[in-house]
Amino acid sequence: MERIFWVECPNCSTRWYADWQMRTAKHDMVCPHCSKEFPVDEAAWIDERDRP
Ligand SMILES: [Zn+2]
């Protein structure tokens, strides 16, 4: 199983999980609810548990 992490949108507080590669990559996260793009380090909340 690939590692994942949970993230919370700083705009609408939606939480979802993404592939661990997104945690370390320089790509912006894209909220599935409001489509806001933001650097992962600006997430309102991050949970680095390794299972959904
Ligand atoms: Zn959002």
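These legends walk through several close-up views of a predicted model.

**View 1. The whole chain, with its confidence and its elements.**
Residue numbers start from 1 along each chain, following the sequence as written. Because this is a predicted model, local features need pLDDT of at least 70 and side-chain atom pairs count only at pLDDT 80 or more, while totals for chains, interfaces and linings use all residues. pLDDT is the predictor's confidence in each residue, from 0 to 100; the chain averages 91, and 94% of its residues score at least 70. You will find 1 helix and 5 strands here, in the sequence pattern β-β-α-β-β-β. The radius of gyration is 10 Å, close to the 10 Å of the globule rule for 52 residues, so the chain is as compact as a globular protein of that length. That radius is taken over C-alpha atoms, and the rule is 2.2 Å times the number of residues to the power 0.38. Helices (H or I, at least four residues) and strands (E, at least two) are DSSP runs, numbered from the N terminus. Along the principal axes, the C-alpha atoms fill a box of roughly 30 × 20 × 15 Å.

**View 2**
Strands β1 (residues 4–8) and β2 (residues 15–19) run antiparallel and are joined by 5 bridges. Two strands count as paired if DSSP finds at least two bridges between them. Ile 4 stands opposite Asp 19 of β2, and Phe 5 has Ala 18 in β2 as its bridge partner. Do take a look at the turn: 6 residues lie between the strands of this hairpin, and Ser 13 takes a positive phi near 70°.

**View 3. The open sheet.**
Here 3 strands line up in the order β2-β1-β5, with antiparallel pairing. β2 and β5 (45–47) stand at the edges with a single partner strand each, so one side of each has no neighbour in the sheet. From one strand to the next, the twist averages 25°. For that angle, axes are lines fitted to C-alpha atoms (for helices over the stretch in contact), and angles run from 0 to 180 degrees between N-to-C directions.

**View 4. Glu 8 and its contacts.**
Glu 8 is found in strand β1. With 17 C-beta neighbours inside 10 Å, Glu 8 counts as partly exposed. The scale is simple: 20 or more other C-beta atoms within 10 Å of its own make a residue buried, 12 or fewer exposed, and anything in between partly exposed, with C-beta atoms placed from the backbone. Leaving aside residues up to four places away in sequence, Glu 8 touches Ser 13, Arg 15, Ala 43, Ala 44 and Trp 45. A contact means that the two C-beta atoms, placed from the backbone, lie within 7 Å.

**View 5. Cys 9 in its loop.**
Next comes Cys 9, in the loop between β1 and β2. Cys 9 is buried, with 22 other C-beta atoms within 10 Å; buried residues make up 10% of the 52 in the chain. Beyond four places in sequence, Cys 9 touches Thr 14, Cys 31, His 33, Cys 34, Lys 36 and Ala 44. The C-alpha atoms of Cys 9 and Pro 32 are separated by 9.1 Å, although these residues are 23 apart along the chain.
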